[in-house]
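Me: Hey, I'm new to this one. Can you walk me through it?
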Amino acid sequence: MAEVRTIENVACGFCGLACDDLTVEVEGREVRAKAGPGGTVCPEAARLFRRLDTADAVARVAGEVTSQADAASEAHRLLTAATSPVIAGMGTDMTGAGALVDLAIRFGGVLDHHASMGLFRNYAAVQRTGWLASTLAEVRNHCDLLLVVGEDPTANWGRLFEKFYPATPLFATGERRVVFLGGTPGEKARRQLAGITLSELPGAPVEVLEALALLVSGRTPPQATIGGLPLAEVAALAEALRGSKYAVVTWNAAALDDGDLVAERATALVDALNVTTRAGVFPLGGTDNLMGVNQLMLWRLGYPLRTLVSGQGSAHDGTLYATEAALKDADVMVWVSAFRPEPPPSFTGKVIALAHPDTVFETEPDVVIPVGTPGIDHAGTVFRMDSIVSMPLGALRVATLPSVAEAVRRIAEG
Amino acid sequence: MRTRLKGGRVLDPANGENGVASGAVRDIEIEDGRIVAATDRKADAEYDLGGAVVMAGGIDLHSHIAGGKMNLARLLMQEDRKAFPEMPGNFCGCGGGRAAPTAHATGCRYAELGYTTVFEPAMVGANARGAHLEMADIPNLDTGAYLVLGNDDFFLRLLAAGAHQETVNAYVGWMIEATQAFAIKIVNPGGINAFKFNARRMELDEANPYYGVTPRKVLTTLIRAVTELGLPHPIHLHGCNLGVPGNDETTLATIRAAEGRRLHLTHLQFHSYGTEGDKRFSSSAARIAELVNANPNISVDVGQVMFGQTVTASADYMSQYRNRAIASPNKSIGMDIELDAACGVVPFEYKDKSFVNALQWAIGLELFLLVEDPWRIFLTTDHPNGGPFTTYPHLIRLLMDRDFRNAQLATLNKAAQKHTMLPQITREYSLEEIAILTRAAPARILGLTDKGHLGPGAVADIAVHTEDADREAMFSTTRMVFKNGRLIVKDGVVVELAQGTTHVARPTFDRAIDTDMQRWFDESVGLKAQHFRIADGELRNGAGPTILTCERGEG
């Protein structure tokens, strides 16, 4: 029997919230995450940290078991022959992301992350007008009125409200309000929001946000109902927002069909509020180090995700170089998902998968190289959803699988 | 590895050598990355300099090259990136952008100008790890970063509670170590914090709406902290009321507030505005330069405005929120950050036909020419805020060539021409003075004893320029640049990439503060102090920092 090692203050790199107070038990190859002292553990962290004492997945070429080295040289061969590769998924830590950019520079290719949809919906607002934003510790301590747009985000970010609402905030010591616009808080959110004044407005977010921006600027929309709500109810919320000291608007653009419009209207509302009081947007997202990979792209290439590297240059197009569109013109896909067993999208060309060992493929890829998970098998760095804070992830057990960075270097070397 | 640079005219003000004036040529010998006394041993490589001017590699002590705000700038400046695509000799597809260049382009363009060390002057603690990751991807340059303090709630709480200076010192020491910083920067002392409580302006003696603490108190307490911790670089101050006409009085009062202690005022140009004249905007450069001249404890960099499109990125969200009204193109980003600081990113185009912009240009040059001691003034554009660093050769010519300067002035906004004393100033900088401004003096104010000069023991970061009466041409195309003794630029083009290091300062402090920091991070920030701290191995892809150990100073 292996001894049980208990490690405290373990950081989690999965959802983008970057909780770092988990307790993890390691018993030989087995790993179990639990709540740390005074905290909780969300189901996603519990699931994604869990490791059993099973034999490692092995590298495969055309479904046949092979060595890591042979798989890497086959991947190298496929990339050398490729005319338009797409590097997709990109679920990796900062070192892995750097290696993938190097790979694109070496072989050419489009770079995109599997969770970039929400990011680019938000960019519809950011790149046109910019926005006024806030970060977690500011929301935690300053925010007296939080407007949550769309569905309860707790399903994706299990501890969001726990992080937003500590027992003793520094400044927002009076009544703290949360208004759900177009969504309903679930059981768990209600528990985390105990002691907070909750209300729900079942209106259409885009229309309501637009009217709110008008109302806080002292203008009155002509309609009697706004997005299905009586004007008076929207006006009352506008009044509350104007009266707040630090309002925050949060939404998950990926989960909203009109996420780009929500981002734009929320931005305009926060702009209007800042004329007389303080407010910020807090866009949700950032799963699987989305923000870190995007940050690295910006400083390495000068462009965000959805960028093509070709020859000695690169070009960005948020539509053309989105994974789904780019795959239409591609002949090779490099699929990277180290954080979770996320299968690649269907694709008729060659597929090289640097995959979480539990990945179940609909179609066997041409090359499969199982990779370790940052924060479990090896150390690494990931960014939190605000793109500001980053988190060092430690190794919990001896790595038997390569990191994405190591696997990519082997492929590049052939 | 022994390298010999033969027959250069050595311009090394730190060691009192001026081969340009004397005409004397000599060899410089390099062994394993450092300059050594001349020997007659056989060299592995020799370069014939043919009488060219040899200086230490340039050091920029204030240039925004890394950190989250630069990525926000890149995001807003996609047009800039497209307009300035990859250049030949980049070795990869990473280079591009002018106002907000990529890490790779930053390292290559700086090296091409003969610079080998650049300091990021506004690293926010919460974003420090990201800034260090980004700096590791800048080739050819040694870097370092100043940590933004003075608006952080932990510090302001200490001040409000009347904490002992020793406690403040311990906190500052802890933060410097945790974030792998080199110096302390104060941005709008207490003002960024006050903006979070909806204050829109902060004067030097105005109380913070929540803490009741004044910017003066923030400034004097942190000046004492860095003095007592023995940090080599003095407080690097971006003062109150950036860009506001009438901020000249604040600046003068700030200099007096230092009470003889060392203080560096950064991008002074943006803080030298009077309210005279029918447009209520005037130059106070002469008054401010006079007080700088009279106070040897004060050093400054200019933050010269250069015409054209750029992007302004600052931790001063209070000021940048004001400036977003004049954004061009009309978009901007602001962010309150982590009980720590904030940032504001506003694209801006400085126009030569604009009265204000033309006068800003003139005010910067007046400061350069009226501050007398070249050891206390540094050549900066506050890249990219006043203009991109790639404009330095043009700026050097403006300083060295009066006729050129006056000819440029004659093309600017007419009203602005009448509001500047620039035509009456006859001073022209000498090459030796330029070498002081861009090498010797920054090394001295940063406490980097093995940089900024060419004596034995110095790091072999060396720039070779062919002399040219057109100083812009001379400084635009560097004949050779050596980084740690290796040739990285030849005839203005990068020929090899070098991996730089990151300078950090390590003060000693009372580690009892650690318990308070753990509680602060747990309860207020919402993450663990141990994860805020950056390990040595996280810098420069595992190579770790270059550590300057601080000797505790006297209060």
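Reply: Let's start with a strand pair: in β5(B), B:T3 has B:A45 as its bridge partner. Strands here are DSSP E runs of at least two residues, helices are H or I runs of at least four, and both are numbered from the N terminus. This is a predicted model, where local features need pLDDT of at least 70, side-chain atom pairs count only at pLDDT 80 or more, and totals for chains, interfaces and linings use all residues. Residues are numbered from 1 along each chain as its sequence is written, with chains lettered from A and ligands numbered from 1 in the order in which they are written.

Me: How many bridges link β1(B) and β5(B), and in which sense do they pair?
Reply: Four, and the sense is parallel. Pairing takes at least two DSSP bridges between the strands.

Me: What about β1(B) and β3(B)?
Reply: Those run antiparallel, joined by five bridges, and B:G8 sits opposite B:R26.

Me: And which way do β1(B) and β6(B) run?
Reply: Parallel, with two bridges; B:R9 partners B:V53 there.

Me: How many residues of β1(B) are buried?
Reply: Eight of its eleven, so the strand is largely enclosed by the rest of the structure. Buried means 20 or more other C-beta atoms, placed from the backbone, within 10 Å of the residue's own; 12 or fewer is exposed, and in between is partly exposed.

Me: Switching topic: how is chain B divided?
Reply: Into domain 1 (2-56 + 452-494) and domain 2 (58-446), with bounds from an automatic or database domain assignment. Their C-alpha centres lie 30 Å apart.
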